[in-house]
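Reader: Hello! I would like to talk through the side-chain contacts in this structure. Could you take me through them one at a time?

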Amino acid sequence: MTPVRLLMAAGLALVVVGCRHQAPAAPDARPPQVRYRYGDPGDEAGRWLVEQIPKSRWDPALLAATRELSGAASDPSARLTPTAALLATSRAGFPGDARFARLYNGGAYPYELIADAAAARGAAPSVDVALASRRFSDGTVLWVLGVAPHWGDIDPFERDLRLDDPVAIQVDVPGSRKLQLFVAPPSGPVDTLSLSPGVARWVDVFHLPGRYLIEVVDIGEDRSRVVFDMAVFVDEAPAPMLRLPVGIETPDPVQATAWLYQALNERRSEAGLRPVQRFEPFEPLAREHAALMAGSGVLNHVIPGVTPGVGARAWKTHHPRAEHYEDLAAAFTASEAQDLVWSSPGHRRNLLCEHCTHASIGVALEPATQGPPRLYVAWELLAFPAGEPQPLPQHKQR
């Protein structure tokens with residue numbers, strides 16, 4: 001099992017003839033604020049989960065999102081998609097970088113999901129959790145786990161805004177070096193603002209109706225991490241609950257690559273940007289990185305002991321150096337992978353790099369032994385400030 005926001009989640013599937021619907025629950029009757037909400041799980045399964053995971057806290061808003069995903073599954077084999085996960089957490093007003101995993105079994109507690117919670121926490125001081133279940137008429141149960149690493153705290157603010165309403169965003173992220181706030185409007189470029197821990201920043205960019213995606217990223221020396229991932233709705237009600245899709249066909253990496261190039265330029269055109277050209281010399285490096293991620297199960301720009309990354313490999317084989325703006329994702333389909341990075345304002349900014357002129361995309365299929373395989377995708381948005389890179393002679397490649 002793997003987190004839906006990173007790699008998607010899948011579970012066992014059986015054919016059943018009916019189910020008892022469990023309606024999603026909102027944390028309160030009013031439109032929710034964007035905030036953390038802590039409380040008692042209220043049932044034995046929830047208390048079991050908290051006991052199993054050290055330094056975990058039960059969050060009713062995350063529970064609302066988790067219940068929505070379980071309620072949207074009309075079939076136990078339904079997939080948890082990035083789009084559905086983002087909509088569920090947005091509607092619930094949960095501010096963390098939530099991830100979801102699912103398991104379908106005979107009704108026993110989902111011990112297999114505990115490892116997902118530990119992996120999602122990583123190096124975070126604590127983790128927010130929630131667990132929802134869906135019992136079918138034959139006694140089998142679909143479990144959906146919601147989990148989010150807790151890096152810091154955020155002051156509450158309203159989820160639903162009027163046009164031109166400003167919002168004060170104040171966060172506290174212990175140990176952060178540099179915080180950046182990304183705001184992606186319904187259309188147009190991403191706004192990038194700086195944040196200081198413990199200091200409120202007035203954000204006045206809500207001039208179009210629709211959903212605005214908001215991320216706070218902790219910029220470190222070696223790596224950056226998303227510490228808050230949320231949304232607000234401006235003069236527009238949240239979209240209705242999505243019905244989760246059923247059925248997975250093994251994708252073709254070659255067709256997926258062609259589709260991703262086309263989708264990338266369509267998105268850029270919609271944002272008023274020029275299309276990027278396909279840069280074939282870096283495609284083998286991007287494909288290799290995707291294959292190494294698929295083979296190792298590690299989604300990262302650098303895989304220690306395996307590869308220094310596409311940029312480092314390109315610098316050793318081509319001159320002059322290019323500027324790389326890299327996005328990575330793993331999902332069951334090319335469209336889900338595209339939605340995954342597009343739903344993240346920081347990653348979306350890379351796809352909409354204004355001065356980038358070229359792109360190289362690599363796609364690989366994981367060697368799955370159980371369940372459907374996923375596509376691992378590496379996008380390289382490229383700029384050539386010193387001219388188009390040319391291959392170095394073999395004797396100069398060190």
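Author: Gladly! Please keep in mind that this is a predicted model.

Reader: Nice start. Which arginine lies over the face of Trp342?

Author: Here the distance from the ring centre is 4.6 Å. The residue over the face of Trp342 is Arg267.

Reader: With which residue does the side chain of Arg267 meet in a salt bridge, and how far apart in sequence are the parts that the pair ties together?

Author: The partner is Asp339, at 3.6 Å from N to O. Arg267 lies in helix 5 (residues 253-270) and Asp339 in helix 8, so the pair ties together parts of the chain whose separation in sequence is 72 residues.

Reader: Is Asp339 buried, partly exposed or exposed?

Author: Its relative accessible area is 26%. Buried would need under 20% and exposed over 50%, so Asp339 is partly exposed.

Reader: How many salt bridges does a search of the whole structure find?

Author: The search covers the whole structure. Arg278, Glu283 and Arg287 are linked in a network of such bridges. The total found is 12.

Reader: Which residue forms a salt bridge with Glu336, and where does that residue lie?

Author: The closest N and O atoms of this pair are 2.7 Å apart, and the partner is Arg79. Glu336 is in helix 8 (residues 334-342), and the pair links distant parts of the chain, 257 residues apart. Arg79 lies in the loop between helix 2 (60-71) and helix 3 (82-92).

Reader: Are Glu336 and Arg79 buried or exposed?

Author: Glu336 has a relative accessible area of 6%, and Arg79 has 11%. Buried means under 20%, so both Glu336 and Arg79 are buried.

Reader: Let's turn to aromatic rings. How are the rings of Tyr36 and Tyr38 arranged, stacked or edge-to-face?

Author: The search of the whole structure finds 10 aromatic pairs. For Tyr36 and Tyr38, the ring centres are 6.0 Å apart and the planes are at 10 degrees. Planes under 30 degrees apart count as stacked, so the Tyr36 and Tyr38 pair is stacked.

Reader: And what about Phe206 and Tyr212, stacked or edge-to-face?

Author: Both Phe206 and Tyr212 are buried. Their rings are 5.0 Å apart centre to centre, with 75 degrees between the planes. This aromatic pair is edge-to-face.

Terms used. Residues are numbered from 1 along each chain as its sequence is written. This is a predicted model: local features need pLDDT of at least 70, side-chain atom pairs count only at pLDDT 80 or more; totals for chains, interfaces and linings use all residues. Side-chain values use heavy atoms; hydrogens and water are left out. A salt bridge is a side-chain nitrogen of Lys or Arg within 4 Å of a carboxyl oxygen of Asp or Glu. Helices (H or I, at least four residues) and strands (E, at least two) are DSSP runs, numbered from the N terminus. Buried means under 20% relative accessible area, exposed over 50%, partly exposed in between (1.4 Å probe, protein chains only). Rings of Phe, Tyr and Trp (its six-membered ring) pair if their centres lie within 6.5 Å; planes under 30 degrees apart count as stacked, over 60 as edge-to-face and the rest as tilted. A charge sits over a ring if NZ of Lys or CZ of Arg is within 6 Å of the ring centre and within 35 degrees of the ring normal.
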